[in-house]
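Here are my notes for someone opening this one for the first time. Have a look at the model, then read on.

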Amino acid sequence: HLTKNNELVYFAAAVAIVQNIAEKENARQRFFLGHDGNIISSTLHPNQEIVATGQMGKSAQICVWNTSGAMKVESLLQGHTDGVGALNFSADGEVYR
């Protein structure tokens with residue numbers, strides 16, 4: 001995913017990575033370490049600052065976090081027994097219950 005700050009968001013194992021790609025010689029990275037299992041899905045919020053990542057495992061969680069500081073906003077733990085293979089935000093970014 002590409003954020004509004006022109007940073008690339010990707011994951012490897014249980015770590016989500018936010019990398020500055022604008023400066024080729026100074027490609028700094030920030031890490032989101034909120035998962036305890038391998039990340040297998042991710043989606044970017046329409047505001048291009050918030051990311052949700054889903055993990056695998058018997059008690060799989062979804063973490064919603066801010067890319068600017070790699071800080072967790074929310075954890076969702078209900079009923080994901082085999083992993084979270086796909087997720088998405090609504091097109092307008094609103095929460096519907």
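1. Of the contacts (heavy atoms within 4.5 Å) with a separation of 6 or more, 38% are between residues 24 or more positions apart. Bear in mind that this is a predicted model, where local features need pLDDT of at least 70, side-chain atom pairs count only at pLDDT 80 or more, and totals for chains, interfaces and linings use all residues. Residues are numbered from 1 along each chain as its sequence is written, and side-chain values use heavy atoms, leaving out hydrogens and water.

2. The protein has seven strands and zero helices. Both are DSSP runs numbered from the N terminus, with at least four residues for helices (H or I) and at least two for strands (E).

3. Strands S4 (residues 39-44) and S5 (residues 50-55) run antiparallel, joined by five bridges; strands pair if DSSP finds at least two bridges between them. Leu44 has Val51 in S5 as its bridge partner. Five residues lie between the strands of this hairpin, in which Gln48 takes a positive phi near 60 degrees.

4. One aromatic pair turns up. The ring centres of Phe32 and Trp65 are 4.7 Å apart with planes at 0 degrees, so the pair is stacked. (Rings of Phe, Tyr and Trp, the last by its six-membered ring, pair with centres within 6.5 Å; planes under 30 degrees apart are stacked, over 60 edge-to-face, the rest tilted.) Phe32 sits in strand S3 (residues 29-32) and Trp65 in strand S6 (residues 62-66), 33 residues apart.

5. Are these two buried or exposed? Phe32 is buried at 3% relative accessibility, and Trp65 is buried at 0%. Buried means under 20% relative accessible area, exposed over 50%, partly exposed in between (1.4 Å probe, protein chains only).
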